[in-house]
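Below is a short briefing on one protein chain. Please look at the fold first, then at the points grouped by topic.

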Amino acid sequence: MKEKNKLQDALEKMKIRRGNDIMILFHNGDSFEAYGKDAQVIADELGLITFTKDGMLAISFPHDKQEEYTNRLLDKGYALCISEMRDASGNFITDIAEYNE
């Protein structure tokens, strides 16, 4: 069995907390990212290009597009969760792969 990486683990934990029907957007530095099935749906709905990050399908868009893109997804009936990743000290984590719970 293939071992999960930190990215896969963080996404899985968020899906358990929020529900599989909620699309998770991670605020990473100056961009927002989504992974796995969420990435594919968002790419299809918004015309974004997918790529692979740490072995997972991903999309990314700049923070200045967040309001427009989330509104478009909400208007289409999708439920979203935006995750502001922080460490135990409250500092922002700018790379989800650095996330440790």
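Which side chain meets that of Glu45 in a salt bridge? The partner is Lys76, with 3.1 Å from N to O. Glu45 lies in helix α2 and Lys76 in the loop between α3 and β5, so the pair ties together parts that are 31 residues apart in sequence. The model is predicted. Its 5 strands form an open sheet of mixed pairing, and α1 packs on that sheet.

**The sheet**

- The strand order is β3-β4-β2-β1-β5. β3 and β5 stand at the edges with a single partner strand each, so one side of each has no neighbour in the sheet. From one strand to the next the twist averages 40°.
- β1 and β5 run parallel and are joined by 6 bridges. Within this pair, Met23 stands opposite Leu80 in β5.
- β1 and β2 are antiparallel and pair over 3 bridges. Here Asn28 stands opposite Ser31 in β2.
- The hairpin of β1 and β2 has 2 residues between the strands, and in it Gly29 takes a positive phi near 65°.
- β2 and β4 also run antiparallel, joined by 5 bridges. Ala34 has Ile59 in β4 as its bridge partner.

**Strand β1**

- β1 is mostly covered, with 7 of its 7 residues buried.
- In a regular strand, side chains alternate between the two faces of the sheet. In β1, Ile22, Ile24, Phe26 and Asn28 point one way, while Met23, Leu25 and His27 point the other way. The residues of both sets are buried.

- α1 touches β1, β2, β3, β4 and β5, and its direction makes about 130° with that of β1.
- α2 lies across β1, β2 and β4 and runs at about 50° to β4.

**Helix α2**

- α2 spans residues 36-46, and its buried residues are Gly36, Asp38, Ala39, Ile42, Ala43 and Leu46. They are on the same side of α2 because they cover an arc of only 135° around the axis.
- The buried residues of α2 pack against the helices α1 and α3 and against β1, β2 and β4.
- Lys37 and Asp44 are exposed, on the face of α2 turned away from its buried side.
- Just after α2, Gly47 takes a positive phi of about 70°.

**Other salt bridges**

- The structure holds 6 salt bridges.
- Lys53 and Glu33 meet through their side chains at 3.0 Å, N to O. This pair links distant parts of the chain, with Lys53 in strand β3 and Glu33 in strand β2, 20 residues apart. Are these two residues buried or exposed? Lys53 and Glu33 are both buried.
- Lys13 and Asp9 form a salt bridge at 3.2 Å, N to O. Both residues lie in helix α1, 4 residues apart, which is about one turn of the helix. Lys13 has a relative accessible area of 27% and Asp9 one of 26%. These values lie between the 20% limit for buried and the 50% limit for exposed, so Lys13 counts as partly exposed, as does Asp9.
- Lys65, Glu68 and Arg72 are linked in a network of salt bridges.

**A backbone angle to note**

- Most residues other than glycine have a negative phi. Asp54 is not a glycine, yet has a positive phi of about 50°.
- Where does Asp54 lie? Asp54 is in the loop between β3 and β4. Asp54 counts as partly exposed, at 42% relative accessibility.

Methods: Residues numbered from 1 in each chain as written. Predicted model: local features only at pLDDT ≥ 70, side-chain atom pairs only at ≥ 80, totals over all residues. Heavy atoms only, no water. Buried < 20%, exposed > 50% of the residue type's maximum accessible area, 1.4 Å probe, protein only. Arc of directions from axis to C-beta. Contact = heavy atoms within 4.5 Å. Salt bridge = Lys/Arg side-chain N within 4 Å of Asp/Glu carboxyl O. Pairing = 2+ DSSP bridges. Axes fitted to C-alpha atoms, helices over the stretch in contact; angles between N-to-C directions.
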